[in-house]
Amino acid sequence: MPREPLYDFRAVEEADLPLLGTWLRQPHVVEWWGDPDKGIAEIRQAMEEVSVEPLIVELNGRPVAYLQSYDPHMEDDHPYQDQPFGTLGIDISIGEADLLGKGHGSAIVAQFAEQLFEEGAPRLIIDPEPTNARAIRAYEKAGFRAFDTRTTIYGTALMMARDAEEE
């Protein structure tokens with residue numbers, strides 16, 4: 001029997017940018033995202049692109065995280081275009097510090113992965129910094145497995161994947 005979805009995913013709106021800015025200034029986010037102003041500019045740009053879907057994750061109506069999916073095959077010279085056609089990449093950052101270490105990261109990623117597989121994605125990839133042990137553990141709990149380490153224009157990444165046929 002399928003589980004009831006715990007999280008809601010909705011498109012990022014202009015009105016969300018101040019909250020996202022607050023999250024991007026939190027020490028646990030700055031550690032991996034870097035400059036908050038650059039992060040907001042990237043999210044604002046993603047809102048205009050067809051290759052990226054920027055989302056707010058809500059728990060019981062409360063915004064708790066930023067999540068995005070992207071198609072590396074729709075971006076010129078994206079370093080992950082070697083992945084099978086139809087592969088989608090995902091990125092997540094829990095904005096609310098009080099929710100860290102409670103299993104939300106893996107649960108959000110697992111629920112979102114199920115949704116993307118239902119929509120037809122054959123493979124999902126995620127690319128944490130290799131020293132981000134908390135993120136790597138969360139992604140492993142969500143069914144992702146490491147398959148490569150790369151240095152790209154985005155920095156060093158531990159490439160992790162989850163395939164639909166493993167469902």
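Which helices and strands each supply at least two residues of the lining of the largest cavity? The points below answer this for the predicted model and then turn to its helices, cores, pocket and individual residues.

1. The cavity. The elements in question are α1, α2 and β4, each of which supplies at least two residues of the lining of the largest cavity. Helix α1 gives the most, with 3 residues. A search of the whole structure finds 1 cavity of 30 Å³ or more, and the space in the largest cavity comes to about 40 Å³. Its lining consists of Leu20, Trp23, Leu24, Val29, Trp33, Ile43, Tyr66, Ser93, Ile94 and Gly95. By class, 8 of these lining residues are nonpolar and 2 are polar, with no charged residue.

2. Helix α1. This helix spans residues 17-24, and its buried residues are Leu17, Leu20, Gly21, Trp23 and Leu24. Viewed down the axis of α1, these buried residues fall within an arc of 160°, so they line one face of the helix. The partners against which the buried residues of α1 pack are the helices α2 (27-33) and α3 (36-46) and the strands β2 (52-59) and β3 (62-70).

3. Helix α3. The buried residues here are Pro36, Gly39, Ile40, Ile43 and Ala46. Down the axis of α3 they fall within an arc of 120°, so they line one face of the helix. Asp37 and Lys38 are exposed residues on the face of α3 turned away from its buried side. The buried residues of α3 pack against α1, α2, β2 and β3.

4. The nonpolar cores. The largest nonpolar core has 31 residues, and those with the most contacts inside it are Phe9, Val57, Leu67, Ile108, Leu124, Tyr139 and Phe144. At least two residues of this core come from each of β1 (7-11), β2, β3, β4 (88-94), α4 (104-118), β5 (123-126), α5 (133-141) and β7 (155-163). Helix α4 provides the largest share of this core, 7 residues. Apart from this core lies another, of 10 residues, among them Leu17, Leu20, Val29 and Tyr66. In soluble globular proteins, nonpolar side chains tend to be buried together.

5. Leu67. Which residues are in contact with Leu67, leaving aside its neighbours within four places in sequence? They are Phe9, Glu53, Pro54, Leu55, Val57, Asp91, Ile92, Ile108 and Phe112. Among these partners, Phe9, Val57 and Ile108 are, like Leu67, listed with the residues that have the most contacts inside the largest core.

6. The largest pocket has a volume of about 1600 Å³. Its lining counts 49 residues, of which the closest to the pocket centre are Trp32, Trp33, Asp91, Ile92 and Asp127. The elements α2, α3, β3, β4, α4, α5 and β7 each supply at least two lining residues. The lining divides into 22 nonpolar, 14 polar and 13 charged residues.

7. Backbone points to check. Asn60 is not a glycine, yet has a positive phi of about 55°. Asn60 sits in the loop between β2 and β3 and, at 73% relative accessibility, counts as exposed. Asp77, likewise not a glycine, has a positive phi of about 60°. Asp77 is placed in the loop between β3 and β4, and its relative accessible area of 72% makes it exposed. Most residues other than glycine have a negative phi.

8. Ala146. This residue is found in strand β6 (residues 145-152). With a relative accessibility of 48%, Ala146 counts as partly exposed, because the exposed class begins only over 50%. Not counting residues up to four places away in sequence, Ala146 touches Leu158, Met159 and Met160. Ala146 and Ile125 are 21 residues apart in sequence, with a C-alpha to C-alpha distance of 9.5 Å.

Methods:
Residues are numbered from 1 along each chain as its sequence is written. This is a predicted model: local features need pLDDT of at least 70, side-chain atom pairs count only at pLDDT 80 or more; totals for chains, interfaces and linings use all residues. Side-chain values use heavy atoms; hydrogens and water are left out. Helices (H or I, at least four residues) and strands (E, at least two) are DSSP runs, numbered from the N terminus. Buried means under 20% relative accessible area, exposed over 50%, partly exposed in between (1.4 Å probe, protein chains only). Contact means heavy atoms within 4.5 Å. The arc is that of the directions from the helix axis to the C-beta atoms. A nonpolar core is a set of buried Ala, Val, Leu, Ile, Met, Phe, Trp, Tyr and Cys residues joined through side-chain atoms within 4.5 Å. On a 1 Å grid over the protein atoms alone, a cavity is a set of points where a 1.4 Å probe fits but cannot get out, and a pocket is an open set with protein on both sides within 12 Å along at least five of seven lines; lining residues have an atom within 4 Å of a point. Grid points are joined across faces, edges and corners, and a volume is the space filled by probe spheres set on the points. Ala, Val, Leu, Ile, Met, Phe, Trp, Tyr, Cys and Pro count as nonpolar, Asp, Glu, Lys and Arg as charged, and the others, Gly among them, as polar.
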